[in-house]
Each structure stands twice: as structure tokens, then as C-alpha cells.
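How do packed helices sit against each other in this structure? Two packed helices are described by the angle between their axes and the distance between the axes. Here is the structure to look at.

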Amino acid sequence: MLVVDDLKAGYGRIPILMGVSFALAAGEYLGILGHNGMGKTTLMRTLMGYLPANGGSVAFEGRDVTRLPTYASARLGLGFVPQGREIFPSLTVMENLRMGLAGGARAGTGEIDDVLADFPRLVRLLDRRGGALSGGEQQLLALARCLVGRPKLILLDEPTEGIQPSIRDEIVETLLALKARRGIATILVEQNLEFITSLSDRILTIQKGRITAELDPTRLASPEAVAEYVGMAT
């Protein structure tokens, strides 16, 4: 589904991604684990087209999308839930969801109802402004807004940042249900070990802009293995 080959990117003259390569199968959940500053968010932004690639290539379903604008990638079926959520705080929950219809690949007016069936917590909040929601509710809204566009692949960046454990568990259950029912693939950038191992079929570690290892998620149950590969044992 997705093939990333020797991808390079950075900010001005500062290189961040130093030649990242990996492949993702349809319906697969791939975790990317690493410290802050190692290139995780830069990778997601480059895959989505927010940040231009300086080298290498990205192919999505056989099409070169390396230098496509973000809206074009979204129409092909790439969805992005950014770190910090970036909902519209002055819009209601329903208005935020309607914004998700704008750039989707196969979105129709019935998609909001379909998505709300997977996010029952949001139903009672439809008239509430996004800025009045808790951090966890905002994360659910950001994910639901992305799903309204019917993506084939979701790029999910640090979804557990600043949210309560109950909603973290709810997100895990929702994503696993979506995987079983819709077959949506996901690339998940995360530092919470329990969360990433609960969802991922396999995990890549990233250090200084390079993929350094591929792990079976079950190995991360061992603090020694975590320290060996990413130096972030719990």
C-alpha cells in the first residue's frame, strides 16, 4: 500500500530525515517509536505533504505522491491526525466533523452518522464548541474528523499526549474495531509503550532521522529490550 524509499527532509539547511525506508501493507498497523527530536513528526508531515521531501520517494497504492500537495494526498485516501489535534476550537463538534468532509477521498453526507456510531461519546457533544472539550474529547474529535473523509491510511501522531487513561483505552478499542471492520491501515507515532504495543502489528524504531530496528511488539514488554533499541525503558 505504501512504500517509502530513502526519504529525506528537513527545515531549511537542517536535515532531519536522513534516508528513511519502509513499506506498509494494506490494513496493517505500523508503530514508530523513538525519543522526541528523532524525526517522528517530521516523517508524518513529509508523508502527508506538509513538508517537502529533499530526496527519496513515497508511493501510495502504486502512485508517486512524494511531491503532491496535501489536499491531493487526502483525496487519494491519506488521512492525518496531527500532534496537538488541531481541531477548530471556535466551531462546534458537528461543524468540525463537517470540515472533515472537505478533503476526503470518498466522503458523503452519510459519513458523519457512520463515524458517530463509532464515537458515541461525541454524540452528546455535537453542539459544544471544540475549545470547550477536554483533551481526550478533542483527540476523539480529531480522529473522528479524519475518519469522516474515509481514508485508506491514517497517519496518527502522538495521540495519547495529554489525555486521560480512560479515553486512551477507548481510542485503542475504536481503532482495533475499525481495523477489523474497515481494514484501514495506520501509521502510529507514539511514545506510550502500552498504547503502541496494543495496536501495532510491528514497530519501527527511529533515531536521528533513521530507522534503526524493526521489533515484534511483544518484545517491548521487556524494559531491557526497550533500552537496547530506543533507550527509553519504563
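## Helices α6 and α7

In this predicted model, α6 and α7 are roughly parallel to each other. The reason is their angle: the two helices pack at about 15 degrees, and angles under 35 degrees count as roughly parallel, so the label follows. Helix α6 covers residues 135-148, and helix α7 covers residues 165-182. Their axes lie 10 Å apart. The crossing of α6 and α7 is right-handed.

Which residues make the contact? From α6 come G136, E137, Q139, L140, L143 and L147. From α7 come I167, E170, I171, L175, L178 and R182. Sorted by class, the contact of α6 with α7 holds seven nonpolar residues, two polar ones and three charged ones.

## Helices α4 and α6

Helix α6 also meets α4, a helix of residues 111-118. The axes of α4 and α6 come within 9 Å. They cross at roughly 140 degrees. The pair is therefore oblique. The crossing of α4 and α6 is right-handed.

On the α4 side, the contact uses E111, I112 and V115. On the α6 side, it uses A144, L147 and V148. Five of the residues in the contact of α4 with α6 are nonpolar, one is charged and none is polar.

## A residue in both contacts

Look at L147 of α6. L147 takes part in the contact with α7. L147 also belongs to the α6 residues that meet α4.

Key:
Residues are numbered from 1 along each chain as its sequence is written. This is a predicted model: local features need pLDDT of at least 70, side-chain atom pairs count only at pLDDT 80 or more; totals for chains, interfaces and linings use all residues. Side-chain values use heavy atoms; hydrogens and water are left out. Axes are lines fitted to C-alpha atoms, for helices over the stretch in contact, and angles run from 0 to 180 degrees between N-to-C directions. Helices (H or I, at least four residues) and strands (E, at least two) are DSSP runs, numbered from the N terminus. Angles under 35 degrees count as roughly parallel, over 145 as roughly antiparallel, 65 to 115 as roughly perpendicular and the rest as oblique. A crossing is left-handed if the near helix is turned anticlockwise from the far one by less than a right angle, and right-handed if clockwise. Contact means heavy atoms within 4.5 Å. Ala, Val, Leu, Ile, Met, Phe, Trp, Tyr, Cys and Pro count as nonpolar, Asp, Glu, Lys and Arg as charged, and the others, Gly among them, as polar.
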